[in-house]
Amino acid sequence: MSETIERIKCLIIGSGPAGYTAAIYASRADLKPIMYTGMEPGGQLTTTTEVDNFPGYPEGIDGPAMMMDLQKQAERFGTEVRMGMVTEVEFSKEAGGIHKACIDNSKWVEAETVIISTGATAKYLGLPSEQKLRGGGVSACAVCDGFFYKNQDVAIVGGGDTAAEEATYLANICKKVTMLVRKDEMRASKAMQHRVNNTKNLEVRYNTEVDEVIGDQVVDGLRMVNNKTGEKEEIAITGLFIAIGHKPNTDIFKGHLDMDETGYLITQGKSTKTNIPGVFASGDVQDKEYRQAITAAGTGCMAAMDAERYLAEIETTEEEEKEVTA
């Protein structure tokens, strides 16, 4: 363990759209941010082949290329981007306190403010054929990628509110949607179930799971299995959407920050403030509703502004205290 501890103004944990946007704003506010990229530099967008719905790219852009653009912009204003993963944290509970973070189990840094943008990881089924075709027709975001399957036949896996919402979204733009629910009923609310059942080009298959995703470079079809009878059936599709949930990347913050029952960080009101002064959360790590690159970027901006205001308030308080004791 290194004995030298580096002190910085602003530590950004995570490097997706939220992290890089926070870095751009924090740099321009002269907070001299240091970013640690985490295990997946660039976040979930680095696994997306084409991004068509981020403003400013009229012709669309490759996901990894977009993240490189954001990184270059952050670095242009002075952000230092470092490869590395925060493996442990020690947060001060006092306003103006110093927070500590351990990098790769070997080096500690101290920070006056911390912006958490570690994101969330989509849950997948774990089938080799599914993993092989991620980005080639297998997606975990219907809102992100549904447009590419306009007037085509697709399938979606899941039985909760998110799956039902995404299934009806797909039904508006696709020719036919087959929804696979592994139990004999959906977990979605009754209102969402009614919406699904009243959508003509949406077929629900209960007690049904994915046996194999068919295709070489892209998805050509799907082999389904009835988990009650064992009967298998193949259908021709061009897209498979997985909607079985996300896991926020917050394990190292358990016991330190307030989070909901599924692990999403809880922020105060319309701000990015956590329950610890000087620690802010942005992006998918605190957003289980929208989970879009543009909304993540927006909260990254908010987090940097919240951090800047926090430091200004601390500085003002310290100056007032000096005047009182002078």
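Q: Quick one to start: in which hand does H1 pass H7, right or left?
A: In this predicted model, the crossing of H1 and H7 is right-handed.

Q: Okay, and at what angle do the axes of those two helices cross?
A: Roughly 35 degrees, and the axes come within 7 Å. Helix H1 covers residues 17–28, while helix H7 covers residues 293–325.

Q: Which residues of H1 and H7 meet there?
A: On the H1 side you've got Pro17, Ala18, Thr21, Ala22, Tyr25 and Ala26. They meet Ala293, Ala296, Ala297, Gly300, Cys301, Ala304 and Met305 of H7. Sorted by kind, eleven of the contact residues are nonpolar, two are polar and none is charged.

Q: Switching to strands: in what order do the five in the open sheet sit?
A: They go S8-S15-S9-S10-S11, with parallel pairing.

Q: How many bridges join S9 to S10?
A: Five, linking residues 153–157 of S9 with residues 176–181 of S10. As one example, valine 157 has leucine 180 in S10 as its bridge partner.

Q: And the domains, what are their bounds?
A: The domain assignment gives domain 1 as 6–121 + 246–325 and domain 2 as 124–242. Their centres, taken over C-alpha atoms, are 33 Å apart.

Q: How many residues does each domain put into the contact?
A: Domain 1 gives nine and domain 2 gives ten. Between them the two domains bury about 630 Å², with 46% of that on carbon and sulfur atoms.

Technical notes
Residues numbered from 1 in each chain as written. Predicted model: local features only at pLDDT ≥ 70, side-chain atom pairs only at ≥ 80, totals over all residues. Heavy atoms only, no water. Pairing = 2+ DSSP bridges. Helix = DSSP H or I, 4+ residues; strand = E, 2+ residues; numbered from the N terminus. Axes fitted to C-alpha atoms, helices over the stretch in contact; angles between N-to-C directions. Left-handed = near helix turned anticlockwise from the far one by under 90°. Contact = heavy atoms within 4.5 Å. Nonpolar A, V, L, I, M, F, W, Y, C, P; charged D, E, K, R; others polar. Domains from an automatic or database assignment. Buried area = accessible area lost by both parts, 1.4 Å probe.
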